[in-house]
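Here is a short tour of a protein model for you to explore.

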Amino acid sequence: MAKTSAVKKNERRRALVAKYAAKRKALSDLANNRTLPMEERFAARLKLSELPRNSSKVRIRNRCEVTGRPRGFYRKFQMSRIALRELASVGEIPGMIKSSW
């Protein structure tokens with residue numbers, strides 16, 4: 001089980017990303033628009049850098065929904081390999097069985 005503080009920190013980051021998504025997208029579009037003068041593009045970059053760091057999408061860490069584990073994460077199931085194996089072994093995931101030979 002992951003530290004509760006790490007899981008909560010990641011949840012706060014997700015909330016900030018959602019809050020600033022529109023503003024960040026607009027500034028990013030301005031900064032990357034080659035038809036605008038260089039001064040306007042630079043001003044957009046400065047405003048973008050003034051936004052909170054945790055409002056950037058790349059700072060979100062994929063974590064297991066069951067345990068909060070950050071490593072060995074399967075995106076399709078939104079859980080770690082360990083939790084996936086445990087749930088598959090007890091038959092909680094439809095269509096998935098543990099192989100044996």
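The notes below go from the overall picture to a few single residues.

This is a predicted model, in which local features need pLDDT of at least 70 and side-chain atom pairs count only at pLDDT 80 or more, while totals for chains, interfaces and linings use all residues. Residues are numbered from 1 along each chain as its sequence is written, and side-chain values use heavy atoms, leaving out hydrogens and water.

**Overall layout**
- You will find three helices and two strands in the protein; these are DSSP runs, with at least four residues of H or I for a helix and at least two of E for a strand, numbered from the N terminus.
- Starting at the N terminus, the elements follow the order α-α-β-β-α.
- The radius of gyration is 20 Å, well over the 13 Å that the globule rule gives for 101 residues, so the protein is more spread out than a compact globule. That radius is taken over C-alpha atoms, and the rule is 2.2 Å times the number of residues to the power 0.38.
- The C-alpha trace spans about 65 × 30 × 15 Å along its principal axes.

**Burial and charge**
- Of the 101 residues, 22% are buried, where buried means under 20% relative accessible area, exposed means over 50%, and partly exposed is in between (1.4 Å probe, protein chains only).
- The protein carries 26 positive and 8 negative side chains, counting Lys and Arg as positive and Asp and Glu as negative, without His and the chain ends.

**Helix H1**
- Helix H1 covers residues 4-32 and bends by about 55° at Tyr-20; the bend is the angle between axes fitted to the seven residues ending there and the seven starting there.

**Gln-78**
- Look for Gln-78 in the loop between strand E1 (73-74) and strand E2 (79-80).
- Gln-78 is not a glycine, yet its phi is positive, at about 60°. Most residues other than glycine have a negative phi.
- With a relative accessible area of 35%, Gln-78 is partly exposed.

**Ile-93**
- Where is Ile-93? Ile-93 sits in the segment after helix H3 (81-89).
- Ile-93 is buried, with a relative accessible area of 12%.
- Not counting residues up to four places away in sequence, Ile-93 touches Phe-77, Leu-84, Leu-87 and Ala-88; contact means heavy atoms within 4.5 Å.
- Ile-93 and Phe-77 are 16 residues apart along the chain, and their C-alpha atoms are separated by 9.6 Å.

Conventions:
Charge placed at Lys NZ, Arg CZ, Asp CG, Glu CD.
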